[in-house]
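Hi,

Here's the structure I promised to pass on.

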Amino acid sequence: MLVFFATSWLLASALLAQDKPEYTEPSCTDDKLVCLQIQLTTANYSYFWMSSTARAEITVTLEVSGKNTLEALPVAVTETLEPAQKLNILTLRHAPAMPEVEIQEQFSWGWGSNKAEHDNTSTYYLPYEIGKSYPITNAYNGDSTHSGDGVYALDFAMPIGTPIRAAREGMVIATKDSSTEGGPSNKFADMANYITIRHPDKTIGIYAHLKHLGVAVKVGQYVKVGAVIGYSGNTGFSTGPHLHLETYRRIDGKRRLTIAMSFVTAEYPRVILERGKAYKAVK
Ligand SMILES: [Zn+2]
């Protein structure tokens, strides 16, 4: 869910000698969702443009190191890009008398806005069928994978193939169900199948560890609470069949901050779910 992209680039002085502005070849993620392009002008300015073809907000962090610019390096800039936006995220200047500019740049990105504010009046519904209950094996402030930025995440132990329902409405912005692999080690971390949903308050919901071919929605689809969106599994870094659910706000291109969710259950009108318990789904 996080792509880290790095290039290394040496500014050729020949480019500066030309009359009209020149652009470097865009450096893009594999899916072409996010691109970086550098514009070099005869006035010795380097404009760093980041563009997004994503259908929801993304946040990028551009890191530039090197020497012989008027601005101090290294520098890191974080910005949220709206859908289909192209933004001049950084400008560096070079004095003609200075030695040749040397720059290395890399960017990271992730779904979500760093300006999103969670609607704390919003209610979440249990992500499984009405009348069913599944034990919570990891809750807020849980073990290693539910700490730090990921502190407000929930794990529901459930058999592979259990229908997963949307806990909150929103737009599906990313899915993966091509993976067949999972296991109790960090080496499986990139192999989780998942559904990513953008909520109306611009926070992002993640449903993870879904089974192979276990996604039942399409990117761009708007789902209501309770809609069946997929089927649970055991892909990715997982010690047993379960669903991982979290809502987060983006901090920067690398980091997210998970947010506590309050649920409606058969037992409670509004409750923070606790580890070791099982709650019955309503609605
Ligand atoms: Zn988890």
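What follows is a run through what I found, from the overall picture down to single residues.

First, a caveat: this is a predicted model. The mean pLDDT is 91, and 92% of the residues reach 70 or more. The part to watch is residues 1-17, where the pLDDT is below 50. That stretch still has 34 contacts in the model beyond near neighbours in sequence. Where pLDDT is low, the predicted coordinates should not be read in detail, so please keep that in mind if you set anything up from this file.

**Overall picture**

The protein has 283 residues, and 39% of them count as buried. On secondary structure, you'll find one helix and 24 strands. Taken along the principal axes, the C-alpha atoms fill a box of roughly 75 × 35 × 30 Å. If you take the contacts between residues at least 6 apart in sequence, 67% of them join residues at least 24 apart.

The chain divides into domain 1 (3-111) and domain 2 (124-280). Their C-alpha centres lie 35 Å apart. As for the contact between them, 12 residues of domain 1 meet 13 residues of domain 2. On the domain 1 side, the elements giving two or more residues are strand E6 (58-67) and strand E9 (102-111). E9 supplies the largest share, with five residues. By type, that side of domain 1 splits into five nonpolar, five polar and two charged residues.

As background, nonpolar side chains tend to be buried together in soluble globular proteins.

Leaving out residues up to four places away in sequence, Val60 touches Val34, Met50, Glu79, Leu81, Phe107, Trp109 and Gly253.

**Strand E11 and its partners**

E11 has an antiparallel partner in strand E24 (residues 278-280), joined by three bridges. In that pairing, Ser133 stands opposite Lys280. E11 also pairs with strand E12 (residues 153-157), again in the antiparallel sense, over two bridges. Here Ile136 stands opposite Phe156.

Not counting residues up to four places away in sequence, Ile136 touches Leu154, Asp155, Phe156, Leu273, Glu274, Arg275, Gly276, Lys277 and Ala278. Look at Gly276 in particular: it is 140 residues from Ile136 along the chain, yet their C-alpha atoms are separated by 5.4 Å. Is Ile136 buried, partly exposed or exposed? With 19 other C-beta atoms within 10 Å, Ile136 is partly exposed, because a buried residue needs 20 or more.

- Leu73 and Pro74 are joined by a cis peptide bond, with omega about 0°. Pro74 is in the loop between E6 and strand E7 (75-81).
- Lys32 has a positive phi of about 65° although it is not a glycine. Lys32 lies in the loop between strand E3 (27-28) and strand E4 (34-40).
- Lys202 is another non-glycine with a positive phi, this time about 75°.

Lys202 is buried, because it has 20, and 20 or more is what counts as buried.

Cheers

Definitions and conventions:
Residues are numbered from 1 along each chain as its sequence is written. This is a predicted model: local features need pLDDT of at least 70, side-chain atom pairs count only at pLDDT 80 or more; totals for chains, interfaces and linings use all residues. Domain bounds come from an automatic or database domain assignment. Two residues are in contact if their C-beta atoms, placed from the backbone, lie within 7 Å. Helices (H or I, at least four residues) and strands (E, at least two) are DSSP runs, numbered from the N terminus. Ala, Val, Leu, Ile, Met, Phe, Trp, Tyr, Cys and Pro count as nonpolar, Asp, Glu, Lys and Arg as charged, and the others, Gly among them, as polar. A residue is buried if 20 or more other C-beta atoms lie within 10 Å of its own, exposed if 12 or fewer, and partly exposed in between; C-beta atoms are placed from the backbone. pLDDT is the predictor's confidence in each residue, from 0 to 100. Two strands pair if DSSP finds at least two bridges between them.
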